[in-house]
Amino acid sequence: MSVDQANVRRIARLARIAVRDEELPHLAQELNAMLAFVEELNAVDLGNAEPMTSVLPMQMKMRQDVVGDHAGPEIVTGNAPISEDHFFLVPKVIE
């Protein structure tokens, strides 16, 4: 895929970025270089590579998924400055 100046104008408009006409050729060249690099990355054979989350072999720490005792509504709203029927009351912010 090749990016021309019309595409750069459209991308800039969609991104709401002000771009001067004299910057268009340079930006088109930069975008084309980025796309060429992505094409190079797509050409790399990753057939035997395993997905990684880190460069170090690590396992995620897991915890037991156990239902525990939870605080009731009286405890949760107990520290609220103002509450009513187990709901927090806050000042109105929208007219």
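The structure is a predicted model, in which local features need pLDDT of at least 70 and side-chain atom pairs count only at pLDDT 80 or more, whereas totals for chains, interfaces and linings use all residues. Residues are numbered from 1 along each chain as its sequence is written, and side-chain values use heavy atoms, with hydrogens and water left out.

The predictor's confidence in each residue is expressed as pLDDT, on a scale from 0 to 100. The protein chain has an average pLDDT of 89, and 100% of the residues score at least 70. Secondary-structure elements were taken as DSSP runs numbered from the N terminus, with helices (H or I) of at least four residues and strands (E) of at least two. Among these elements, the highest mean pLDDT, 95, belongs to helix 1 (residues 5–14), while the lowest, 86, belongs to helix 3 (residues 73–76).

Two packed helices are described by the angle between their axes and the distance between the axes. Here the axes are lines fitted to C-alpha atoms, for helices over the stretch in contact, and the angles run from 0 to 180 degrees between N-to-C directions. The axes of helix 1 and helix 2 come within 9 Å and cross at roughly 90 degrees. The two helices, helix 1 and helix 2, are therefore roughly perpendicular to each other, a class that covers angles of 65 to 115 degrees, whereas angles under 35 degrees count as roughly parallel, those over 145 as roughly antiparallel and the rest as oblique. In the contact between them (heavy atoms within 4.5 Å), helix 1 contributes Gln5, Val8, Arg9 and Ile11, which meet Leu24, Pro25, Leu27, Ala28 and Leu31 of helix 2. By class, this contact of helix 1 with helix 2 has seven nonpolar, one polar and one charged residues, where Ala, Val, Leu, Ile, Met, Phe, Trp, Tyr, Cys and Pro count as nonpolar, Asp, Glu, Lys and Arg as charged, and the others, Gly among them, as polar.

Side chains of opposite charge can pair when their charged atoms come close. With a salt bridge defined as a side-chain nitrogen of Lys or Arg within 4 Å of a carboxyl oxygen of Asp or Glu, the count comes to three salt bridges. In one of them Asp21 is paired with Arg9, the closest N and O atoms being 3.9 Å apart; this pair links distant parts of the chain, twelve residues apart, with Arg9 in helix 1 and Asp21 in the loop between helix 1 and helix 2. Accessibility was classed by relative accessible area, with buried meaning under 20%, exposed over 50% and partly exposed in between (1.4 Å probe, protein chains only). On this scale Asp21 is exposed, because its relative accessible area is 52%, whereas Arg9 counts as partly exposed at 45%. Arg20 forms a salt bridge with Glu22, with 2.7 Å between the closest N and O atoms, and the side chains of Arg20 and Glu23 also meet in a salt bridge, at 3.7 Å from N to O.

Asp85 counts as exposed at 61% relative accessibility, while His86 is partly exposed at 45%.

Separations along and across the chain complete the description. Met34 is placed in helix 2 (residues 24–42) and is partly exposed, with a relative accessible area of 48%; its C-alpha atom is separated by 52 Å from that of Phe87, 53 residues apart along the chain.
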